[in-house]
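User: I have a structure open that I have not looked at before. Can you walk me through it?

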Amino acid sequence: MKTSLKVPVSLEFFPPKTPEGTDKLRAVRAQLYALKPEFCSVTYGAGGSTQAGTFATVKEILAEGVDAASHFSCIGATKASVRQELATLKEMGVKRLVALRGDLPSGYGAGGEFHFASDLVEFIRSETGHDFHIEVAAYPEIHPQAKSPEADLQAFVTKVKAGADSAITQYFYNSDAYFRFVDDVFKLGVDVPIVPGIMPITSSTQLMRFSDACGAEIPRWIRLRLQGFGDDTASIKSFGLDVVSDLCEQLSNGGAPALHFYSMNQSAPTLEIVSRL
């Protein structure tokens, strides 16, 4: 596969829960490494439930000769527990973190010593200097729990000023939302790279479920087209490839610094989209 891409790519995986899943993900990574990703990130379960899985997957990616970023969430964490985890990651050779507040488990009060991702970023910087490249999350369509669009922009600015090096966005299907967000935070004094997160469309029910949970908007025309395909998975995949490839084209032509693919532990959709760019 030709990899003469206009922009660099990075990939996201989630920690497999079964031995079969682990084997499958190894095969998927081997295929996706043809894209020469800048790094691969590995997600973290709510309340740290999959921390061991995250670290194990990160270790494997590093052993495969690729830069790996561990997601790092701080809900319910203490300074002592974060300090310990940072030491573990440093020992493993991790140079990059995706610092997040993390999801509040249901019925959970704001326990722990960190209330916002910005608190975590500030603590990592004060403890480890510039040992880690710190990524934070950005929400071009506004975080679902934000009090207002202005409050959300301010929260992002606070994370960057606390020491973040760059950001990865929640996925979206409207490039205007991304470009507007970048302009808005630039006016507030933030000029770190903001990398669009790209979610391939392979299943309409899964996409609707994810999007309802995380506040990502599916434009009405996309939603209606997907509903119109019913159970015709071939048409859904073909339409999804067209939509997402076009989105990536708009983003790279508009100056996005890179593209971060939410692979969902599959290789085919991402490989196909990138081959079209």
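Analyst: What follows is a short tour of this predicted model, from the overall chain to its inner spaces.

User: What does the secondary structure of the chain come to?

Analyst: The chain has ten helices and eight strands. Its radius of gyration is 18 Å, close to the 19 Å that the globule rule gives for 277 residues, so the chain is as compact as a globular protein of that length.

User: And what box do the C-alpha atoms fill?

Analyst: Roughly 50 × 45 × 40 Å, taken along the principal axes.

User: What percentage of the residues count as buried?

Analyst: Of the 277 residues, 48% count as buried. The chain exposes about 13000 Å², and carbon and sulfur atoms supply 52% of that area.

User: Take contacts between residues at least 6 apart in sequence. What share join residues at least 24 apart?

Analyst: That share is 79%.

User: Let's go to helix α10. Which of its residues are buried?

Analyst: Helix α10 covers residues 268–276, and its buried residues are Pro 269, Thr 270, Leu 271, Ile 273 and Val 274.

User: Now cavities. How many are there of 30 Å³ or more?

Analyst: The count is three. The largest cavity holds about 60 Å³ of space.

User: Which residues line the largest cavity?

Analyst: Its lining is made up of Met 199, Pro 200, Thr 202, Gln 206, Tyr 262, Ser 263, Met 264, Gln 266 and Pro 269. Pro 269 is also one of the buried residues of α10.

User: What classes are they?

Analyst: In the lining of the largest cavity, five residues are nonpolar and four are polar, with no charged residues.

User: Switching to pockets. How much space lies in the second largest pocket?

Analyst: About 150 Å³. The lining of this pocket has 13 residues.

User: Which of those lie nearest its centre?

Analyst: Glu 38, Arg 96, Glu 135, Ser 166 and Val 195 lie nearest the centre of the second largest pocket.

Key: Residues numbered from 1 in each chain as written. Predicted model: local features only at pLDDT ≥ 70, side-chain atom pairs only at ≥ 80, totals over all residues. Heavy atoms only, no water. 1 Å grid on protein atoms, 1.4 Å probe; cavity = no way out; pocket = protein on both sides within 12 Å on 5 of 7 lines; lining within 4 Å. Points joined across faces, edges and corners; volume = space filled by probe spheres on them. Nonpolar A, V, L, I, M, F, W, Y, C, P; charged D, E, K, R; others polar. Helix = DSSP H or I, 4+ residues; strand = E, 2+ residues; numbered from the N terminus. Rg over C-alpha atoms; globule rule 2.2 N^0.38 Å. Buried < 20%, exposed > 50% of the residue type's maximum accessible area, 1.4 Å probe, protein only. Contact = heavy atoms within 4.5 Å. Areas by Shrake-Rupley, 256 points an atom, 1.4 Å probe, with all protein chains shown as cover.
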